[in-house]
Amino acid sequence: MVNDPTDTGLSSAEAAIRLKQHGANEVKPIRQRSVLMQFLAHFYNPLVLVLLIAITISALNGDEISALIIGVIILMSVTLDFIQEYRAGQSAAKLAAQVAVTATVLRDGKLSEIPVTQLVPGDTVYLSAGDLIPADGQLLEAKDLFINQSQLTGEPYPVEKYAEASADPDPWDVEAKSAVFMGSTVISGSARMRITRTGQATALGQIAGSLEKKPPPTAFELGIRQFGMLIMRFTFLLVLFTLLVNVVLHRPLLDSFLFAVALAVGLTPELLPMVVSVTLTRGALRMAALKVIVKRLSAIQDMGAMDILCTDKTGTLTEAKIRLERHVNAQGRETQRVLELAYLNSYFESGLKSPLDDAILLHREIAATGWKKIDEVPFDFERRRVSVLVERDETRMLAVKGAPEDILGLCTQYEDATGAAVPLDEAALQSINRLLDQLGTDGFRVLGIAWRKVAPDHAYAVVTDESELVFCGFAAFLDPPKVSAGPVLAALQASGVQVKILTGDNELVTRHVCNQLNLPVTGVLTGKEIAAMQDDALLARVEEVNLFCRVNPAQKNRVLLALKARKHVVGYLGDGINDAPSLHTADIGISVAGAVDVAKQAAAMIMLEHDLKVLHAGVIEGRRTFGNVMKYIMMATSSNFGNMFSMAASTLFLPFLPLLPLQILLNNLLYDLSEITLPMDNVDREDLAQPSQWDMNFIRNFMMTIGPISSVFDFVTFYLLIAVFDAGETLFRTGWFVESIATQVLVIFIIRTRRNPFSSRPNRWLTVTSLSIVAIAMLLPLSPFAEYLGFMPLPPLFFGLLTVLIGVYLLTVEYCKQWFYRRLGNFPRKPFNV
């Protein structure tokens with residue numbers, strides 16, 4: 001080992017200089033664009049670009065006033081979108097910073113925790129089991145250090161690393177014993193390293209730079225994308241139809257072009273990104289108040305769509321306050337011998353200490369005095385045991401503890417009542433197994449304890465040494481169930497979320513906990529049974545089974561993949577090294593603040609308190625978020641589509657354009673303003689009761705049911721304007737502008753709920769903004785800007801007829817909405833099929 005006691009680490013000033021020189025320690029640095037560039041990026045939209053071209057043409061033709069007003073409207077719309085998204089992004093970044101992965105670094109002569117992105121070449125970093133290697137570097141000191149570097153080599157097995165005092169290793173050789181690389185995981189042991197390369201200069205950074213790929217889209221992102229394609233198809237067909245009709249009727253080409261482009265803008269739900277980001281951010285802020293940090297915003301919606309939660313038992317369903325209650329020999333009698341061997345194993349184990357180790361080490365009446373550690377075979381999740389080679393008075397012994405079934409399988413002898421080692425025959429094995437079953441039935445979590453004497457010159461411990469062991473006895477632990485877990489499990493089940501337990505414990509212990517929590521056991525699969533199953537067989541069983549016992553990380557992953565293959569949205573709660581693959585595989589990975597780095601890195605949500613109550617609250621918050629996003633989508637695909645369809649169809653019989661392009665854009669802007677408070681709206685209880693997922697068939701059918709109603713009332717308005725008021729171009733456009741805004745905005749109070757609208761209270765800000773926009777639309781014809789906007793005052797009779805028309809329209813939409821839900825069922829819950 002290379003140990004330099006004079007090492008004081010870099011100074012803060014030197015670290016700041018190197019950070020500026022080498023950049024942030026990120027494989028793929030996040031390029032922070034300036035606020036100005038972020039704002040200008042919102043203009044990079046095909047429809048906005050077409051509008052800007054149209055404004056230029058209009059200005060060149062001498063219509064500077066219209067060009068100016070259209071430009072102002074576009075600027076206001078883009079600015080509104082930018083401000084909302086910018087604020088949402090800032091809030092999300094602040095939340096993410098709270099759970100940034102940190103490293104223990106020697107700076108200015110003292111140890112401190114700093115974000116890994118701030119590490120620089122030359123930093124001295126301390127490592128322990130469960131840590132991620134934060135950058136490439138050389139080991140200065142190492143103790144029983146085993147590292148998983150499969151991300152670079154593809155080999156799943158841990159490799160041992162140690163410091164060398166000789167020449168520097170090849171910095172690119174992953175096999176070099178004293179070189180460690182970014183992206184690797186410390187499985188066991190501890191170390192001190194000096195960073196040599198950071199960020200994109202690391203081996204992982206070089207690979208990532210040449211094989212850079214976008215992460216696969218989430219279910220939520222797929223839903224948004226498919227919705228966008230649905231709207232795009234309708235928009236293209238409607239705009240093409242309108243443009244062809246105007247050309248055939250020999251109307252002015254520029255006006256027809258501007259009208260078609262404005263129609264496309266009116267049909268496009270351009271506010272959707274803002275509604276989604278603001279709604280998700282509000283959800284993240286609510287979750288933060290519940291002590292849950294959201295790392296990926298779309299995970300909130302995934303949480304609402306989750307219908308299966310997979311979780312470990314310890315610390316989630318139990319208190320995680322484990323006590324060593326019994327230490328018994330093969331005959332079931334209490335004995336200090338078992339406690340002594342267990343204590344030596346846990347005391348000298350250098351890997352990540354488990355709660356079971358902590359419980360053993362609390363027995364301070366046992367001392368390791370006189371014993372010296374020689375070597376260790378660290379714990380791994382395939383062997384499920386740990387062995388330490390210790391020596392006292394020139395006597396060397398291998399002390400082993402682990403899963404009792406595995407330990408017994410390695411034993412050829414056992415200690416009898418006198419402590420003598422005798423052969424482990426079939427009768428003795430059956431008796432020991434009955435004792436193990438009884439301990440499990442009583443709710444004890446059990447470790448098997450065994451030993452083996454080795455030669456005095458036996459210098460290393462290897463896996464093959466774990467054979468021909470002498471069985472000593474069992475260490476039995478109690479971990480009482482959480483008082484709060486039972487009601488929360490019942491609430492999750494009532495909310496349509498199945499709970500499945502994936503645990504390393506045996507079936508008897510897990511059943512005991514489930515019985516205490518009133519969680520019915522619908523089926524059990526063990527790790528051995530899963531290992532013997534093909535994927536198709538597992539796929540057939542995972543639906544009915546809710547207890548998976550004695551499973552290793554690979555088997556947990558298989559269970560999650562099988563559930564996802566059956567179209568479930570799966571959450572996984574875990575905090576250990578072994579949980580990282582499952583956290584990454586699940587639709588929504590959930591970890592805790594005290595988890596190891598690799599688990600926090602893989603998770604999408606971090607709970608600051610390990611409590612199922614906040615999980616249930618997160619599920620409800622996710623459904624609230626999805627509900628408000630769906631409200632906007634249903635608005636955009638019904639009344640908005642209906643109004644635009646009316647506008648396109650009216651070009652067939654009207655001798656003039658039904659609205660000027662400027663008026664269409666103004667209509668669209670006012671409508672967008674009325675919806676900016678939608679993310680704050682209340683959501684009905686029944687919409688929170690079950691998981692909700694994307695269903696394009698539902699959205700399309702809702703649009704085709706409600707949209708035509710808006711068009712019918714638009715045509716009634718056309719008739720009244722022409723037949724009753726003998727309206728010319730200006731009066732017609734003014735009357736229809738007011739009617740379209742009023743119907744388009746006020747219908748939100750019908751669409752926002754499946755109930756009778758009077759029994760579902762909207763958020764007061766949604767009410768204020770909606771009514772204010774309708775009032776503004778009615779006052780615009782009387783404003784000083786009326787002439788520039790192409791409006792004129794409306795006769796009083798029009799407002800009387802408009803009031804009746806709106807009332808009948810809203811009643812009709814309510815009737816059709818209720819018919820639609822009765823015919824198609826409640827809110828969509830079928831999985832979205834891409």
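We can begin with D681, which is buried at a relative accessible area of 1% (buried means under 20% relative accessible area, exposed over 50%, and partly exposed in between, with a 1.4 Å probe and protein chains only). The model is predicted, so local features need pLDDT of at least 70 and side-chain atom pairs count only at pLDDT 80 or more, while totals for chains, interfaces and linings use all residues. Residues are numbered from 1 along each chain as its sequence is written, and side-chain values use heavy atoms, leaving out hydrogens and water.

D681 meets K631 in a salt bridge of 2.6 Å, N to O (a side-chain nitrogen of Lys or Arg within 4 Å of a carboxyl oxygen of Asp or Glu). K631 is buried too, at 4% relative accessible area.

The structure holds 29 salt bridges. Another of them joins R286 and E621 at 3.6 Å, N to O. R286 sits in helix α9 (residues 272–289) and E621 in helix α22 (residues 612–636), so this pair ties together parts 335 residues apart in sequence. Helices here are DSSP runs of H or I with at least four residues, strands are runs of E with at least two, and both are numbered from the N terminus. R286 is partly exposed at 32%, whereas E621 is buried at 6%.

What about the cysteines? A search of the whole structure finds zero disulfides (pairs of cysteine sulfur atoms within 2.5 Å). The sulfur of C472 is 9.8 Å from the closest cysteine sulfur, in C411, which is too far for a bond.
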